[in-house]
Amino acid sequence: MTVGTAVVNILVFPGFLFLVALGLAGEFVDRKLYARFQNRQGPPWFQPAADILKLFGKENVIPEEADRTTFNLAPVFALAAVVAASLYIPLWSATSLFPFDGDLIVVLYLLLIPTLSFFLGGWYSRSVFATLGAVRAITQVFAYEIPLFVALLAPSLLANSWSISKIAAYYAAHPWLWLVNLIGFGVALVSLLGKLERVPFDTPEAETEIVAGSFTEYSGRRLAFFRLAINCEAIVGASLIAAVFLPFGLGLAPWLGFLVYLGKVLLILGILALLRTLFARLRIDQMINFCWKVVAPIAFLQVLINLVVRELI
Amino acid sequence: MPDKERIVRVPIGPQHPALKEPESFMVDLQGEKISAVTLRLGYNHRGIEKGCEGRTYVQDVYLVERVCGICSQSHSTAFVQAVEEIAGLELPRRAAYIRTLIAELERVHSHLLWLGVAGHEIGFDTLLMYTWRDRELVMDLLAELTGNRVHYGLNTVGGVRRDISPEQVPSILKVVDALEDRTKYYIELAMTEETLAQRLSGIGKLSKEDAVLLGAVGPTARASGVDRDTRRDDPYAAYGELEFQVVTDDRCDVFGRTVVRLGELMQTYSMIRQLVKQMPDGPITVKAPLRIPAGEAVSRYEAPRGEDVHYVKANGTDKPERVKIRAPTLANTQSVAKMLENGYLADLPIVVAAIDPCFSCTDRMIAVKTPEDARTMGWEELVQYGVRWYRERGVDVSKIKMRGDSTA
């Protein structure tokens, strides 16, 4: 691979621009489904793109007391980390763009950075609402991140590898074994809801209490970056879950494989939209309790099951 | 580190997405827990009481109706009831029935609106969308019956301005049937949905004693087990001829307030059916004089949010001398501070919303006049001033001994 193709891969396809386009489409799907579940009309397909474009044209306000450097950099870091993570996830083929052993850990690490930038951006906004939102964001990280880790660990135990591509290849070779991981799939979906700060885990940006949480002071371009980061995070998170837990249709022709991949991401986005339709926002203490007392033990149960299955095979 | 330094002061309002009207809640937080709340009214004062004094009774009916966008029938009925009492007018029975019918339809739309707002406050927007969609049915019905979705302009001194035709009866019953179905669904939802129960149960506690002590009214009081409802205790309009139960609950929390409101909706549907069935024939208005004879009256009315009290003093002209309105929210604001004690910040929006507040209805203003010769007085000086003031008017208070006071 030459430097030229690598740059195109990273910036255009399947890197940054492609991911942004997919992210905006994903936001549309989410908003439209959410609206239809709630008996509303929902936005037209170009609404997310129009929102972002409009934000780019808006005035940028930086609070006087804010730390300018962190305030400016946090949104860029969030988006950059998500885009970087996308390079290590196999989308429609069996391998990702730059696969190596242990890329699962790197992806999980990169996907943690957006939440950290929400925290830093909010904390250094120096607004009371942003501070509260930032503290809540960092509080709930530990609650959902560990179940997510454990849930993703379970399939890799069977495949005996930390590489997403190898995990996918293993399950492609053992077609029905993915059914074992269904519990982990559920846990990962719940954790993804927390990562994306969606109902019922949207306490860090609970509108009726703390306005917009970490994003309260953000406007214009920087807010657009944050929103893009969240949109892309949804796609990358869904792709990661699809690659690990739904490993079928990998050996098909590229265009067919791409359609199968889109179908999987749509399915996951649909489930996420359904979940956020069904529930009320949990309080931060209830959220932590729920994640530690219910979700984490279930994730460990999955690990236990996989250990037993590994002995049986 | 002493605790005081760990307190974060969060301004909820006067401008805040949780509040649909300007109002200030200064919340002192320790972590996520509330340690104190300072409430401030007065951002939305419109001077309606004073405005009434400069207008005729006929104009006042419309002005008073605009005290509240949601319980407009409540305020105008409470006002005309007081004026009718002063003027000694006998309300035609058909007019009483029509007033009651619109009042109960208003209760339906108000409670459905509340349910949606409550859903939104706890981040359950699906409930908001569903209830507000269903609420459209009753809004359309109100528009069909009175010409307006809100501010019905139905009441006038001595009766009502529009009759209900026999052709309109089926559409009333149709809406009531549909909404009864939906309400049953919401009751089932409230009883079974896990996150809803988690967010509503056990928060905003108000014991029965506190509810009585702080003068809570309406569903807020009834959810604390206070069996009080003006419609039954002091029947007005057609309520004396209706059969209904006062819904109360012993949970004393926000969940209880939800249950009471949903229960009241079911009672209201049965009341509307009775009203339509029993509606007598006859005139809908009696001739009312433009000049109301001197006198005063207090009128009580059970608005959707609680007891609404209007006081009117007439001086024999066509304009009232004084109109005093006590909206239900004013009676309930005191209990909010109690409910928020030791609560979580996350629960503040729903606890405040649970009394179904209407801030602009309740807003009032205190003007402190400072004359040119204003000065500060110490306690001793103030006592002397008071003694002198009364002595000039022929009362000698210097002989009266106050407890624990040896100097006077």
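A:I241 touches A:F185, A:A188, A:L189, A:L192 and A:I268, not counting residues up to four places away in sequence, where contact requires C-beta atoms, placed from the backbone, to lie within 7 Å. This is a predicted model, in which local features need pLDDT of at least 70 and side-chain atom pairs count only at pLDDT 80 or more, while totals for chains, interfaces and linings use all residues. Residues are numbered from 1 along each chain as its sequence is written, with chains lettered from A and ligands numbered from 1 in the order in which they are written.

**Nonpolar core**
- A:I241 and B:V351 touch the most other members of the largest nonpolar core, which has 207 residues; such a core is a set of buried Ala, Val, Leu, Ile, Met, Phe, Trp, Tyr and Cys residues joined through C-beta atoms within 7 Å.
- Helix α10 (residues 220-245) of chain A supplies the largest share of this core, 18 residues, helices being DSSP runs of H or I with at least four residues and strands runs of E with at least two.

**Helix α4 of chain B**
- Because 27 of the 29 residues of α4(B) are buried, this helix is largely enclosed by the rest of the structure; buried means that 20 or more other C-beta atoms lie within 10 Å of the residue's own.
- Just after α4(B), B:G123 takes a positive phi of about 75°.

**Sheet of chain B**
- Three strands form an open sheet in the order β6-β7-β8 (chain B), with antiparallel pairing, for which DSSP must find at least two bridges between two strands.
- β6 (295-303) and β8 (320-326) of chain B stand at the edges with a single partner strand each, so one side of each is left without a neighbour in the sheet.
- Strand β7 (residues 306-314) of chain B pairs with β8(B) over six bridges in the antiparallel sense, and B:K313 has B:R322 in β8(B) as its bridge partner.

Technical notes
A residue is buried if 20 or more other C-beta atoms lie within 10 Å of its own, exposed if 12 or fewer, and partly exposed in between; C-beta atoms are placed from the backbone. Two residues are in contact if their C-beta atoms, placed from the backbone, lie within 7 Å.
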